[in-house]
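Visitor: I have a structure open and would like to talk it through. Could we begin with surfaces and then turn to strands?

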Amino acid sequence: MKLQLHPCGNFKERYEDELTIFETDYGRLWLAIGLSMLFGAVPFASGPYLLYVLNIIAITSIAAIGLNILIGFTGQISLGHGAFFGVGAYAAAILATQVHFPFLLALPAAGLITAMVGMVFGIPSGRLKGLYLTIATLAGQFIIEYVLIHWDSLTQGTRGIVLPPVSIFGMEIIDERGFFYVTFASLVLMTLIAVNIVRTRYGRAFIAIRDNDRAAEGMGIPIFQYKLLSFGISSFYAGFAGALWAYYMTSITAEPFTLGLSVEYIAMVIIGGMGSVAGSIYGAVFITGLNETLRWLTDIFMNIDALQGAGLTIAPLRELVFGFAIVFFIIFEPRGLAEVWRIIRSSFRLWPFSY
Amino acid sequence: MKAFRGRPGIFDSVTVTERRAELDVSDLSLSFGGVMALGNVSLSVTTGELLAVIGPNGAGKTSLLNCLTGYYRPQKGTIIFNGKDITHLHTHELVKEGIGRTFQNIELFPGMTVLSNMLLARHIHCKYRLGAALAFLPSVRREEVAHRLVVEEIIDFLEMQAIRKKPVGSLPYGLRKRVELGRALALKPKLLVLDEPFAGMTLEEKEDMVRFLAEMNEEWKQTMILVEHDMSIVMSISKRIVALNFGEKLAEGSPELIQNNPEVIKAYLGEEAVI
Amino acid sequence: MEFFVQLLVNGISIGFLYGMAAMGFVMIFKSSSVLNFAHGELLAFGAFIFLTMVTWAGLPVYAAFLISLTGCFIMGFVIERLFLRPLIGEPLIYVIMLTVGLAAIFKGLMLLIWGGNLYIYPDFLPPNLSIEWGGINIPPVYVLSTMIGLLFLVLLGLFFKYSSQGIYMRSVADNQTAALSLGVHVRRVFALSWAIAALVAGMSGIVLGIINGINVHDLSSVGLKVFPVVILGGLDSIGGAIIGGLIIGLLETFTGGYLSPSLRDVVPYIVLVFILLIRPYGLFGLVEIERV
Ligand SMILES: Nc1ncnc2c1ncn2[C@@H]1O[C@H](COP(=O)(O)OP(=O)(O)OP(=O)(O)O)[C@@H](O)[C@H]1O
Ligand SMILES: [Mg+2]
């Protein structure tokens with residue numbers, strides 16, 4: 001077999017070759033190097049804080065990939081992704097504490113439960129054209145928030161739930177490094193699944209619905225079912241990520257799963273790049289980085305005596321910065337960081353003949 | 001990549017029963033408010049036939065096709081296809097029944113390439129399920145390659161090799177119409193419904209299109225309903241014509257008969273010309 | 001019984017305000033198919049400008065009112081010019097997510113400026129505006145809000161019916177391409193519908209502020225309540241928006257009064273899901289047959 005290292009003037013010999021994820025062996029080589037670095041070197045070269053940030057990035061990325069399948073590929077907006085993330089977290093917590101589900105089973109189970117909860121809101125709106133799903137998920141966001149706080153017997157209300165420690169085949173995972181392997185293995189798996197969805201008939205059907213729903217119907221695609229499927233998949237990802245997050249945090253309350261979190265996920269998808277699986281990860285990196293930077297900045301400001309009186313808090317600043325990021329990217333680079341990265345890469349690739 | 005020449009294999013492999021397309025439309029009526037788009041229209045198509053539907057603007061031609069393909073719901077009448085009542089089926093179900101179409105105002109996916117557009121039409125012929133797709137099992141890969149082959153054959157037949165990787169949005173109008181025909185063919189329909197496939201084409205493009213349609217119909221017995229304004233084209237490729245006006249069927253018969261029918265002439269040329 | 005009537009009155013006044021807010025929302029939707037997720041922030045903006053004019057600048061109430069409404073009108077105009085105009089011709093989903101981003105910006109800015117506290121306006125309403133009727137006392141705010149609601153309804157009705165801009169707006173809402181080909185300045189119509197929507201939203205914000213106090217979070221969440229309201233009334237029906245607003249307003253106050261105050265805020269959304277389930281195009285919306 002001939003190695004293909006350069007995509008410039010590369011002609012596929014068989015159609016099968018075009019079905020691979022990477023166009024060249026170069027790409028595959030980089031992936032192999034990247035993955036072995038990720039799992040072999042990063043956990044040992046990073047301190048606990050960096051590992052914490054990386055873990056959050058991995059978990060957030062999974063949820064962002066799910067939302068991107070819905071927004072970027074199917075053209076439907078969900079404003080309830082934050083709440084669905086919370087449903088996953090609570091589902092895992094309840095399964096783990098009340099039914100004693102093992103960790104490995106609780107994750108997919110939480111995903112499935114979340115997907116089903118999503119359907120409750122998706123079914124009434126899915127048969128309508130236009131953006132009714134968006135409105136239904138907005139309702140979902142508020143109803144779920146309410147239920148998480150007020151269904152006391154199940155969710156223990158504002159007291160929250162403490163989860164048992166994660167154990168995989170008898171092995172307890174306690175430190176950041178252990179979690180690093182769990183979160184990133186999950187991310188790699190969920191990314192692969194997303195890529196597979198996108199390159200098969202399901203992904204094609206989603207894109208068709210996004211681009212022209214009438215024509216999609218004329219291709220024999222049942223729009224309602226596929227919109228629902230996409231929504232189910234996206235909720236599954238949210239639930240899975242939420243479950244992972246709950247285990248990672250070891251205790252949860254309903255507080256974080258607000259509309260603000262949903263908007264945060266939308267920001268990730270837009271900033272990362274709608275319709276790009278990798279873009280969702282860039283978006284998650286960007287937003288998590290932004291969150292940490294803002295936290296760090298407010299910490300500094302808090303310690304300056306003169307500013308203490310101003311009562312500077314992180315929440316409005318975050319809101320402001322996310323808003324600006326969303327608006328900026330939509331107006332100036334609607335295809336997000338994924339596109340920026342593609343442009344950078346392709347101008348390097350043909351160097352020195354790039355003009 | 002081996003250059004492909006000749007007839008697409010998919011059509012040879014289609015058996016006679018798979019090709020069966022017996023359509024019976026009776027008393028179809030549809031009004032929008034006070035406008036009667038269709039009034040008691042009846043017609044039938046048999047396997048292997050190319051039926052042309054003509055009529056002046058607003059005659060109800062597109063409305064008829066929309067009823068056949070589930071985009072409009074007739075208020076009265078029935079549509080029977082291969083012995084099955086399909087009047088109330090949804091568009092996507094009708095595609096599965098074997099009715100494929102093109103649109104008057106091109107409904108392609110403009111951001112996608114010609115290839116992706118056509119691969120989409122293979123959706124109903126994909127057999128793998130979600131579980132297999134999530135893992136991208138070897139069976140999925142094999143099937144995807146097979147669909148790609150089908151699409152490539154159609155691309156070769158329609159002489160679109162040079163544009164297969166171009167985004168559809170960047171193509172000139174005439175070529176887009178051709179892509180849309182290719183996409184409809186990739187559905188492998190029993191009954192192919194074409195809404196003004198020649199509209200907006202240059203003379204050369206029209207000649208190509210006539211060639212394709214004639215070959216599809218004569219060589220592989222593809223059953224078709226063709227809506228077209230250009231009488232010379234209609235006369236040259238169809239043996240039977242239905243003429244509509246103001247939603248009602250004016251006449252039906254051979255091209256000569258229709259050409260000489262006074263009602264049709266009146267409808268086309270207007271009242272003044274007759275006087 | 002007295003309690004019931006009190007709730008009824010509250011519900012109707014609040015419902016009127018919801019309806020007004022929803023009316024602006026529907027106006028934007030009809031002219032440009034955009035779901036405006038920043039509507040609540042426009043409400044809050046109006047309320048805070050008014051607050052600043054009355055307390056900080058110490059202006060007389062009517063002057064503050066006029067300035068606030070003008071400010072909102074200009075704000076709507078500016079939003080359309082700066083943020084929405086560059087997106088004309090882009091897929092709708094971008095525009096809608098843009099309004100989500102705008103909502104975050106405005107909310108963040110207002111929180112930075114005014115903080116998350118609850119403010120109240122100085123008491124400026126004449127007490128003789130209240131209505132006493134058989135032991136039932138309708139406080140002046142409610143009388144005022146209903147009056148203002150009715151006044152604006154009539155004004156807008158007249159505007160749409162008789163003014164040339166209003167007729168242009170109706171024509172664009174009806175059929176954008178046809179309006180364009182008849183020489184209607186569609187962009188100006190977009191800008192105007194944003195400006196008027198912001199004005200009406202700001203007005204409802206001010207009156208809601210008089211009733212419930214002024215708080216960034218509360219007022220911007222009212223902007224999301226327009227969704228149940230418009231789904232109930234039919235997404236494209238201005239009259240439906242008022243009826244929907246009244247229904248939601250009544251439902252909310254009665255739930256709060258008889259069931260539980262915490263359920264009050266979710267009840268509109270529960271109704272929303274049910275309406276989608278049984279009558280998706282609302283009570284007054286039209287089902288259009290798409291042409292292909
Ligand atoms: N969705 C619709 N809503 C309202 N009226 C419609 C709709 N679709 C079609 N009509 C009306 O029905 C009548 C028939 O229209 P149709 O599109 O079927 O005509 P046609 O024969 O295809 O004309 P053309 O040659 O212009 O394509 C016209 O008067 C048209 O205005
Ligand atoms: Mg037509």
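Visitor: What conventions apply here?
Guide: Residues are numbered from 1 along each chain as its sequence is written, while chains are lettered from A and ligands numbered from 1 in the order in which they are written. As this is a predicted model, local features need pLDDT of at least 70, side-chain atom pairs count only at pLDDT 80 or more, and totals for chains, interfaces and linings use all residues; side-chain values use heavy atoms, with hydrogens and water left out.

Visitor: What percentage of chain C counts as buried?
Guide: Of its 292 residues, 57% are buried, where buried means under 20% relative accessible area, exposed over 50%, and partly exposed in between (1.4 Å probe, protein chains only).

Visitor: Which elements make up chain C?
Guide: Chain C has eleven helices and two strands. Helices (H or I, at least four residues) and strands (E, at least two) are DSSP runs, numbered from the N terminus. The order from the N terminus is α-α-α-α-β-β-α-α-α-α-α-α-α. The radius of gyration of chain C, 19 Å, is close to the 19 Å that the globule rule gives for 292 residues, so chain C is as compact as a globular protein of that length. That radius is taken over C-alpha atoms, and the rule is 2.2 Å times the number of residues to the power 0.38.

Visitor: Turning to chain B, is strand 9 covered on one face or on both?
Guide: On both: B:Arg240, B:Val242 and B:Leu244 are buried on one side, and B:Ile241, B:Ala243 and B:Asn245 on the other.

Visitor: Which strands pair with strand 9 of chain B?
Guide: Strand 3 (residues 50–54) of chain B pairs with strand 9 in the parallel sense over four bridges, and B:Val53 has B:Val242 as its bridge partner. Strand 10 (residues 248–253) of chain B pairs with strand 9 in the antiparallel sense over five bridges; there, B:Glu252 is the bridge partner of B:Val242. Two strands pair if DSSP finds at least two bridges between them.

Visitor: What lies between strands 9 and 10 of chain B?
Guide: Two residues separate the strands of this hairpin, and B:Phe246 in the turn has a positive phi of about 45°.
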